[in-house]
Amino acid sequence: MKPSHILASVCRVLFPFILIFGFYIIIHGHLSPGGGFQGGAILATAFLTTYFMNFKKITDLNFLIKIEKIFFLIILLIAMFSLITKGEVFTSFLSTNSELKPIFLITLNFFIGIKVASGLISIIATFIEEGRN
Amino acid sequence: MIKKILSILMLISLLIVFSLASFEALENSNSFSKDFYIENTYKHTGSKNLVTGIYLDYRLFDSIFEASILLVSVTGIIFMSKRDDEVL
């Protein structure tokens, strides 16, 4: 594919807006349609547009896979934390009467979103690298 | 020719069976769980979006394995695409 200046400039303008939209979808997952998985996919498309800006860009795959592994372990720990407070696994660790219950949803959505985004970015980067060789 | 006729017959029979089954499901539907979630999700989980309330609180066990499926597929794709001396 030949590099096009128009495509590169449009992607440069769109990149921050797609990032903001992805984080909005992730953070507002408990109020409006969306959530961690969908917002993570939008973040991954934002990083896909960076390939149109700079054609020699190579993402560091080791770093992405490391982020994904660590965030998956953090999600497991947050989900298991209710064993201490409530005595049962895989529910919210806050009590049913408290007003701060959305905090649990926001943190889990955030971690799931970053994890899904790094996974999809590494898949895209692998495919683009394979297509180039 | 015979293959095309057979495949069209198969598609038509699939359509008939699926529409019959969906009409049957409409008549005999039970709205107990729907009413339960609509009434109690905001009280139990504090989420105004029912889907988030279900997949992050009632069914958190499922969504953790849903997240692990992505991890496993990413590692599989990277393992298959790299050559033997480049595996991470």
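The following legends describe close-up views of a predicted model.

Local features are reported at pLDDT of at least 70 and side-chain atom pairs at pLDDT 80 or more, whereas totals for chains, interfaces and linings use all residues. Residues are numbered from 1 along each chain as its sequence is written, chains are lettered from A in the order in which they are written, and side-chain values use heavy atoms, without hydrogens and water.

**View 1. Overall form of chain B.** Chain B contains four helices and zero strands, in the order α-α-α-α along the sequence; helices (H or I, at least four residues) and strands (E, at least two) are DSSP runs numbered from the N terminus. The C-alpha trace of chain B spans about 60 × 60 × 15 Å along its principal axes. Of the 88 residues, 25% count as buried (under 20% relative accessible area, with exposed over 50% and partly exposed in between; 1.4 Å probe, protein chains only).

**View 2. Helix 1 of chain B at Phe23(B).** Phe23(B) lies in helix 1 (residues 2-27) of chain B and is exposed, at 54% relative accessibility. From C-alpha to C-alpha, Phe23(B) and Ser7(B) are 24 Å apart in space, with a sequence separation of 16 residues.

View 3. The buried residues in helix 3 (residues 50-58) of chain B are Thr52(B), Gly53(B), Tyr55(B), Leu56(B) and Asp57(B). Their cover includes helix 2 (36-48) and helix 6 (101-132) of chain A, together with helix 2 (32-45) and helix 4 (60-81) of chain B; contact here means heavy atoms within 4.5 Å.

**View 4. Aromatic pairs.** Rings of Phe, Tyr and Trp (its six-membered ring) pair if their centres lie within 6.5 Å; planes under 30 degrees apart count as stacked, over 60 as edge-to-face and the rest as tilted. Ten such pairs occur over all chains. One of them, Phe90(A) with Phe61(B), is tilted, at 5.0 Å centre to centre and 50° between the planes. This pair crosses between chains, from the loop between helix 5 and helix 6 of chain A to helix 4 of chain B. Phe61(B) is partly exposed at 43% relative accessibility. The pair of Phe36(B) and Tyr37(B) is edge-to-face because the ring planes stand at 65°, with centres 5.7 Å apart.

**View 5. Backbone at Phe90(A).** Phe90(A), although not a glycine, has a positive phi of about 60°. Phe90(A) is buried, at 15% relative accessibility.
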